[in-house]
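Here is a short report on one protein chain. Look at the sequence and the fold before reading on.

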Amino acid sequence: MFEYSGAIHMHSIYSDGTGTIEDIAAYANETDLDFIILTDHNNLKAKEEGYERWFNNTLVIIGCEINDMQNKNHYLAFGIDEIVGTYKKMSCGDLGCVLSAIEYINAIKNKGGVGFIAHPFEKRTHIPDHPAFPWLEWDNKDFNGIEIWNHMSEWTEGLSDKNRIQRFLHPLKSIVAPDEKAVKIWDELNNNRKVVAIGSVDAHAHKQSVVGFFEVEIFPYKILFKSVRTHVFIDKELNLDCRKGFEHDKNQVIKALKEGHSFIVNHYHGNGKGFRFYAEYDGGFYNMGDEIHFDKSKNKMITFKTYLPKEAKIKLIKNGKCADEIEGLNSIWDSNEIGNYRIEGWQGDKGWIFSNHIRVVDVNKKS
Ligand SMILES: [Zn+2]
Ligand SMILES: [Zn+2]
């Protein structure tokens, strides 16, 4: 298994970001990102203009972020060759998709794409120009996952008149943990089907006046690339097989995201490379995102193992509740109970690593 570190969800000059694809890719290279996924609003222009390719050691994948005509239900779509639906100007002047959220979720799925709900519970009060864009369509069963941690949303939600300058000057320090409501619904949804979590930066590099005296670039790409990342696991090494080339590499990354063979790390608190969470059961090996078909009649235990790249407070979360907590580098647990198991790694009171679930389902009720 090979592990790759990526930054997901960012905007370029093809929507409301300020960076060119070349600039953003260069920052990604400098910060040792193996892949980045661009998600400009409601378009795939960067892909159409040939920017979806390897830039030195960084795989640049172009997806998009779609919103409806009410500017709600922001949805990240990866792995589609052309945009779905048609787009019209909303009252604010920006574009919106004429399809409903449920229609674009299904259209993306039908085209073989993969989709993640963006910043589902966003709320903002301190930047009137940038209102919140929450998710409202929870009944749909066809989205692949949820962005449980969005740097820009968390940073903006915590903003107050008192901490404003501190937060602008130190955009990485103020980030604590994934959104609690998003984590809760993610755990609950996994009781019925696999729903994958990703973490993202939502980078724009907006330029804004802070106190009226000077203009700063909010969340420069290069700074944000050191914050919330999503790491994926892939069977074969990328960029080695020239015959298969870029499309093959891209598809491997998107497939790993779809399967949940991935975890989220706030890189600011330490490089997540080397983190592992897996299970052994009845001669099989199961990674994050996998499903174990548990047969109680066999009388065999499942063994969960985790390793972290540096010491942390390690929590085993089962069905959304903390089942065990230790300080250290690794741990082993045995279980013979169905449920959804995942790991959290904390550095003090700051969230660091959040794995996807290993889902243990009754062999007679498997999906
Ligand atoms: Zn958005
Ligand atoms: Zn965005």
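## Basis

This is a predicted model: local features need pLDDT of at least 70, side-chain atom pairs count only at pLDDT 80 or more, and totals for chains, interfaces and linings use all residues. Residues are numbered from 1 along each chain as its sequence is written, while chains are lettered from A and ligands numbered from 1 in the order in which they are written.

## The whole chain

The chain has eight helices and 22 strands. Both are DSSP runs, numbered from the N terminus: helices are H or I with at least four residues, strands are E with at least two. The radius of gyration is 20 Å, close to the 21 Å that the globule rule gives for 367 residues, so the chain is as compact as a globular protein of that length. That radius is taken over C-alpha atoms, and the rule is 2.2 Å times the number of residues to the power 0.38. The C-alpha trace spans about 65 × 45 × 40 Å along its principal axes.

Buried residues make up 45% of the 367. A residue is buried if 20 or more other C-beta atoms lie within 10 Å of its own, exposed if 12 or fewer, and partly exposed in between, with C-beta atoms placed from the backbone.

## Two domains

Domain 1 covers 2–269 and domain 2 covers 276–365. These bounds come from an automatic or database domain assignment. The domain centres, taken over C-alpha atoms, are 27 Å apart. Domain 1 gives 21 residues to the contact and domain 2 gives 17. Two residues are in contact if their C-beta atoms, placed from the backbone, lie within 7 Å.

On the domain 1 side, α6 (180–189), β10 (196–200) and β14 (262–266) each give two or more residues. β14 gives the most, with five.

How many residues of β10 are buried? Five of its five are. Val196, Ile198 and Ser200 lie on one side and Ala197 and Gly199 on the other, all of them buried. β10 pairs with β9 (residues 145–150) in the parallel sense over five bridges. Strands pair if DSSP finds at least two bridges between them. Ile146 stands opposite Ala197.

In α6, the buried residues include Ala182, Val183, Ile185, Trp186 and Asp187. The buried residues of α6 pack against β9, β10 and β20 (339–347).
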